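Welcome, and thanks for taking a look at this one with us. Here is a short briefing to read alongside the picture.

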Amino acid sequence: MTDLSVDLGFIKLKNPVLAASGTFGYGLEFSPFIDLNKLGGFVVKGLYFSPRPGNLPPRLVETPGGLINAIGLPGVGVERFSEEILPELRKYNTAIIVNVCGESNEEYASVVERLNKEEGISAYELNISCPNVKKDGLCPALSPKDTFSVVSLVKKSSSRPVITKLSPNVTDIVEIALSAQEAGTDALSLVNTFLAMAVDIETKKPILANTFGGLSGPAIKPLVLRMVYQVVSHVKIPVIGIGGISSGKDALEYLITGAKAVEVGTANFIDPETTVKIIEELKTYCQKKGIDKIETIIGTLKV
Amino acid sequence: MIKDPQALIVGKKNWEDYYLFSLESSGIASQALPGQFIMVRISAQPQPLLRRPFSIHSKEKKNIEIFFQITGLGTSLLSQKRIGESLDILGPLGKGFVTGESFQDKVIVAVGGGRGIAPLYFLSQELCSSGASVKIFYGGKSHKDLPLKEKFEKDGIELFCSTDDGSFGYKGFVSDFFKAELEKLNPSCVFACGPEEMMKKIAQITQEKNIPAEFSLESVMGCGFGACWGCVKKIKKNFKEEWTKICEEGPVFSREEIIWTEEEK
């Protein structure tokens with residue numbers, strides 16, 4: 001019997017496979033396809049304090065091995081989430097992580113303060129890295145100073161562990177990671193999408209109404225593996241890998257590199273059963289290799 | 001809504017760049033309603049990455065059909081699949097057309113432009129079995145763009161064909177033909193699927209005559225089941241305009257709900 005559980009210190013997951021925010025709706029969208037209880041956990045769609053409409057369409061464009069999105073974080077807001085959705089999510093025996101958004105540091109804090117009152121949330125994932133809500137992809141995760149100030153404020157407001165989701169659109173991600181660690185984040189998740197664009201040669205216009213969007217999917221995996229490698233070599237807190245994971249093999253690459261868990265994103269759209277299949281593939285790998293505890297392979301990369 | 005990872009291709013026909021596939025999928029066929037769609041995984045490889053949406057063209061016992069035109073990489077690769085291969089599909093998805101007993105003995109008109117004819121065959125099957133008298137307007141650029149003509153005729157459905165170039169039937173846009181015939185037909189309800197400009201005109205005409213109408217909208221979709229929020233269009237709900245997921249709350253909407261995009265070219 002292989003033990004797939006992983007201990008992030010502040011939370012023990014039954015396996016290292018989480019579903020990534022923005023690709024898993026509020027979780028319930030996937031219940032016709034998979035048993036949500038099987039997951040290590042899932043991160044629900046980003047929540048601002050109030051409901052939001054999101055960006056103008058077109059919001060999506062496919063590129064080779066990738067998907068550029070400029071959804072712009074539409075959502076039901078924290079009140080409706082707490083009243084209508086969270087009670088449904090509590091029925092599942094899996095870690096529910098809420099992705100927290102804000103136009104300002106104060107908004108992040110007020111979302112967390114409202115959610116503190118609700119049962120059934122395992123942690124908050126701080127979304128300081130969405131490239132689609134401000135002009136030119138601006139977000140706090142692009143600056144060590146802004147990262148520090150939002151993370152430290154949220155940590156003060158939060159009664160729960162905080163995972164900070166970083167942006168890849170920086171020169172030195174280690175600098176940002178260290179800043180978030182110094183501000184007290186309990187873990188890091190790497191990474192949000194890569195700022196990108198696509199052009200229509202007939203209309204000579206950007207395909208996305210927002211001009212820019214965020215690239216995700218298999219195309220980004222090598223880039224993110226490199227970032228995870230750099231960050232785990234410098235921080236003491238757990239790192240969760242996100243980027244182009246659609247198979248057990250992909251997940252293992254991240255775990256071996258040093259990620260304690262992974263989030264599966266774009267692959268959920270292509271095959272809503274992906275997360276559960278990855279868990280099965282991890283089990284098979286461990287059994288084949290005679291590994292009793294999957295934790296023992298984390299960070300075993302030989303360089 | 002279910003995932004059928006192995007829907008067998010049991011039939012395939014083609015006319016130039018138009019294709020009709022018959023897929024064996026008892027689970028999806030048993031639940032399918034006119035106007036609903038499926039998401040087809042084209043390749044196990046990451047190119048093309050996303051599934052592609054296709055409205056359900058017909059259902060018969062265990063089988064459903066999809067009708068499509070090659071418009072890009074996804075449909076091009078799909079067209080190369082052969083009988084005996086299987087497809088990974090999700091469905092039935094979305095909300096379809098209003099059908100049922102209330103249409104008994106009523107005249108119903110459905111207008112299809114180009115590949116937009118796809119869902120209207122299933123719709124006419126359903127309406128005919130409820131005892132409605134169904135008239136189909138089928139428009140295309142040219143004669144070759146009306147490959148399903150015989151299929152409708154074989155079922156005894158009255159067809160009104162038009163081509164933009166006049167190579168078959170009425171010369172001009174299908175919306176103009178529809179307008180010219182409307183008075184005579186006096187339908188109780190109109191359904192339409194096709195290019196947005198065509199549907200917009202049908203919306204205007206039916207509004208002037210105060211005839212209820214429903215439209216099947218098209219959008220680029222990421223997932224097809226409400227998780228990505230990528231396929232939104234502006235829809236009127238409770239007197240408010242909201243970016244609404246086409247895959248989940250549509251693809252069929254009533255005329256009153258739809259806010260057509262302004263022409264910008």
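In chain B, six strands close into a barrel in the order 1-2-5-4-3-6, with antiparallel pairing. Strands here are DSSP runs of E with at least two residues, helices are runs of H or I with at least four, and both are numbered from the N terminus; two strands pair if DSSP finds at least two bridges between them. Neighbouring strands of this sheet are turned by 45° against each other on average, direction ignored.

This is a predicted model, in which local features need pLDDT of at least 70 and side-chain atom pairs count only at pLDDT 80 or more, while totals for chains, interfaces and linings use all residues. Residues are numbered from 1 along each chain as its sequence is written, chains are lettered from A and ligands numbered from 1 in the order in which they are written, and side-chain values use heavy atoms, leaving out hydrogens and water.

**Inside chain B**

- Strand 3 (residues 37-41) and strand 6 (residues 86-93) of chain B run antiparallel and are joined by four bridges.
- Within that pairing, B:M39 stands opposite B:L90 of strand 6.
- Helix 3 (residues 118-129) of chain B lies across strand 4 (52-60) and strand 5 (63-69), at about 30° to strand 4. Such angles run from 0 to 180 degrees between N-to-C directions, using axes fitted to C-alpha atoms, for helices over the stretch in contact.

**Where the chains meet**

- Contact (heavy atoms within 4.5 Å) involves 33 residues of chain A and 25 residues of chain B.
- The area buried between the two chains is about 2400 Å², and carbon and sulfur atoms give 67% of it; buried area is the accessible area (1.4 Å probe) that two parts lose on being put together, summed over both.
- On the chain A side, A:E62, A:F269 and A:I270 lose the most area to chain B, together 27% of what that side buries.

**Salt bridges**

- A salt bridge is a side-chain nitrogen of Lys or Arg within 4 Å of a carboxyl oxygen of Asp or Glu, and the count over all chains is 33.
- Three salt bridges are counted between chain A and chain B; B:K3 forms one with A:E273, the closest N and O atoms being 3.0 Å apart.
- Within chain A, A:R52 and A:E103 meet at 2.6 Å, N to O. This pair links loops 51 residues apart: A:R52 sits between strand 4 (41-47) and strand 5, and A:E103 between strand 7 (95-100) and helix 2 (105-116).
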